[in-house]
Amino acid sequence: MMADIPRSRAVYRLLIGMKEERGDFRSLTIETDDLTEVVRWQLSNTQDSYQNELNAEWVGDPSWRPVEFSPRTAAPVVGVRIAEMFRADFEAAGTLQPLVIDGEESKEWFAFLVEKVVDCLDAEKSSEPEWDGTIRKSVFRADAVPVDLPAFRVPQSTNIHWNGWMVDRLMKLVALDVEARLIWSDDPTREPHPDPWGF
């Protein structure tokens with residue numbers, strides 16, 4: 001059951017952090033062909049669960065620390081501890097699909113497939129989507145932002161948008177490996193990141 005927590009109106013992008021203090025780490029990467037299929041599914045804007053298996057492989061020395069949450073743009077990779085802590089939240093917005101590692105379905109690693117697509121973008125005030133669906137400047141209709149969901153997508157883009165309350169909860173555990181960039185807030189005193197979708 002999801003925690004009864006305040007639903008702030010702030011939307012973020014999560015991306016892989018680049019802090020030096022991360023030290024040596026290894027992470028799971030979904031194979032390119034499978035990730036392409038995920039993006040095709042997202043572009044179709046269907047609500048159906050993505051059913052094909054997703055193959056992943058480790059990048060980094062096996063002795064290094066595994067990254068428990070890797071916020072890839074199309075399909076974040078989630079370790080079992082994070083998955084269990086936030087399962088109800090994740091499943092409110094999509095599916096935690098077990099990854100296939102070395103030919104076997106994992107019980108400890110998942111792809112978070114965001115299925116909820118919400119038409120909440122103010123298209124007139126936002127920039128036009130680029131060829132890959134990236135919207136450099138996003139302005140949302142505050143009354144339409146799905147604040148009860150941890151994450152969502154918009155019809156104009158395949159990118160995952162994270163609500164502020166979920167970012168606050170996740171960052172307490174994964175701040176070493178993740179950067180959060182503010183895309184939009186209904187608080188006029190908060191300045192969005194100048195290039196939230198850049199690297």
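Me: Is Phe152 buried or exposed here?
Reply: Buried means under 20% relative accessible area, exposed over 50%, and partly exposed in between (1.4 Å probe, protein chains only). Phe152 counts as buried because its relative accessibility is 0%. Keep in mind that this is a predicted model, where local features need pLDDT of at least 70, side-chain atom pairs count only at pLDDT 80 or more, and totals for chains, interfaces and linings use all residues. Residues are numbered from 1 along each chain as its sequence is written, and side-chain values use heavy atoms, with hydrogens and water left out.

Me: How many aromatic pairs does the structure hold?
Reply: A pair of aromatic rings is described by the distance of the centres and the angle of the planes. Rings of Phe, Tyr and Trp (its six-membered ring) pair if their centres lie within 6.5 Å; planes under 30 degrees apart count as stacked, over 60 as edge-to-face and the rest as tilted. This structure holds 7 such pairs. One of them, Phe90 with Phe112, is tilted, at 4.7 Å centre to centre and 55 degrees between the planes.

Me: Which parts of the chain does that pair link?
Reply: Helices (H or I, at least four residues) and strands (E, at least two) are DSSP runs, numbered from the N terminus. Phe90 sits in helix α3 (residues 87–93) and Phe112 in strand β8 (residues 104–114), 22 residues apart. Phe90 is buried, because its relative accessibility is 0%.

Me: Which residues do ring pairs link into a cluster?
Reply: That cluster has Phe69, Phe86, Phe90, Phe112 and Trp162.
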